[in-house]
Amino acid sequence: MAKSAGKSEKRSTAKSTPAAAASEAIDDYLKAIFELSGREERQVSSTEIAAHLEISGASATNMLQKLAALDPPLVVYKKHHGVHLSKAGRRRALEIIRHHRLIETFLHLVLGYPWDEVHEEAERLEHFISERFEERIAAKLGHPEFDPHGHAIPALDGTLPTSEPQSLSRLNPGQSARVASVSDKDPEMLRYLAAQGIRPGVKLTLTEQLPFQGAFHVRIGTQKKAALLSHPLAEAIAVAVK
């Protein structure tokens, strides 16, 4: 059962003005739709959005209707048929994602934050930096293309790399690939992966997968002994296969 108050709703109470709270909540919805729709920009259901943001289904439906009624509309929404971003909504989503990933990179490379702590800090800051400040961060970092977790940073024009990595869970036994990115949502998982030596750029070789969606035996780099990764961990690691 979905929670009645999720991260968008919780954060909103911390803002000093209703306008700031509403803007932040809108950004969270647009990011969620972008992340859930994938490269093919498929229709996303309100149920998926509610689960992603940890809010009630009624709250999600209500917000989607509001976003569709704006001028210009930020989403194209049809009840029982799902939602996708409008051109304006996609542009705003990519802008916020750019903010988020640049902030993560700045915190990690300049301020020395470990990679398992930057996500939550960036979540708080991404809505409020100016475009001038964003450009200063990008210039300071040398206009990076990827954040500490390997996720592509959208360019100023909103473009992203055309190549799309696949989940480690889709590899066949004996197949090798390099880590492209890892999910940044769970700090404990990031600490575990770092302890195993799994980061973007590292070569992984799948040696065995146990049946019935069981664990994965993975050789990391040139290590002889295979590490054991659960199915959720394998799903959270994206790899590039040559």
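Ile33, Phe34, Ser37, Glu41, Arg42, His84, Leu85 and Arg90 line the second largest cavity. Here a cavity is a set of points, on a 1 Å grid over the protein atoms alone, where a 1.4 Å probe fits but cannot get out, and lining residues have an atom within 4 Å of a point. The elements that give two or more residues to this lining are α2 (18-37) and β2 (82-85), and α2 gives the most, with three residues. Helices (H or I, at least four residues) and strands (E, at least two) are DSSP runs, numbered from the N terminus. Grid points are joined across faces, edges and corners, and a volume is the space filled by probe spheres set on the points.

Before going further, a word on what you are looking at. This is a predicted model, in which local features need pLDDT of at least 70, side-chain atom pairs count only at pLDDT 80 or more, and totals for chains, interfaces and linings use all residues. Residues are numbered from 1 along each chain as its sequence is written, and side-chain values use heavy atoms, with hydrogens and water left out.

Now turn to the largest pocket, with about 1400 Å³ of space. A pocket is an open set of points with protein on both sides within 12 Å along at least five of seven lines. This one is lined by 41 residues, and Arg101, His151, Glu164, Ser181 and Ala238 lie nearest its centre. Among the elements that supply at least two residues each are α5 (87-109), α6 (118-125) and α9 (231-236). The lining comprises 16 nonpolar, eleven polar and 14 charged residues.

Next comes the sheet. Six strands form an open sheet in the order β3-β8-β4-β5-β6-β7, with antiparallel pairing; two strands pair if DSSP finds at least two bridges between them. At the edges are β3 (166-167) and β7 (227-229), each pairing on one side only. Helix α8 (residues 187-196) packs on the sheet, touching β4, β6 (216-220), β7 and β8, and its direction makes about 160° with that of β7. Such angles run from 0 to 180 degrees between N-to-C directions, along axes that are lines fitted to C-alpha atoms, for helices over the stretch in contact. Contact means heavy atoms within 4.5 Å.

Within the sheet, follow strand β4 (residues 176-182). Three bridges pair β4 with β5 (residues 203-209), where Lys203 is the bridge partner of Arg178. Four bridges join β4 to β8 (residues 237-240), and there Val239 is the partner of Val179.

How far can the model be trusted? The chain averages a pLDDT, the predictor's confidence in each residue from 0 to 100, of 90, and 91% of the residues score at least 70. Over residues 1-5 the pLDDT stays under 50, and over residues 7-16 it is below 50. Where pLDDT is low, the predicted coordinates should not be read in detail.

Conventions:
Ala, Val, Leu, Ile, Met, Phe, Trp, Tyr, Cys and Pro count as nonpolar, Asp, Glu, Lys and Arg as charged, and the others, Gly among them, as polar.
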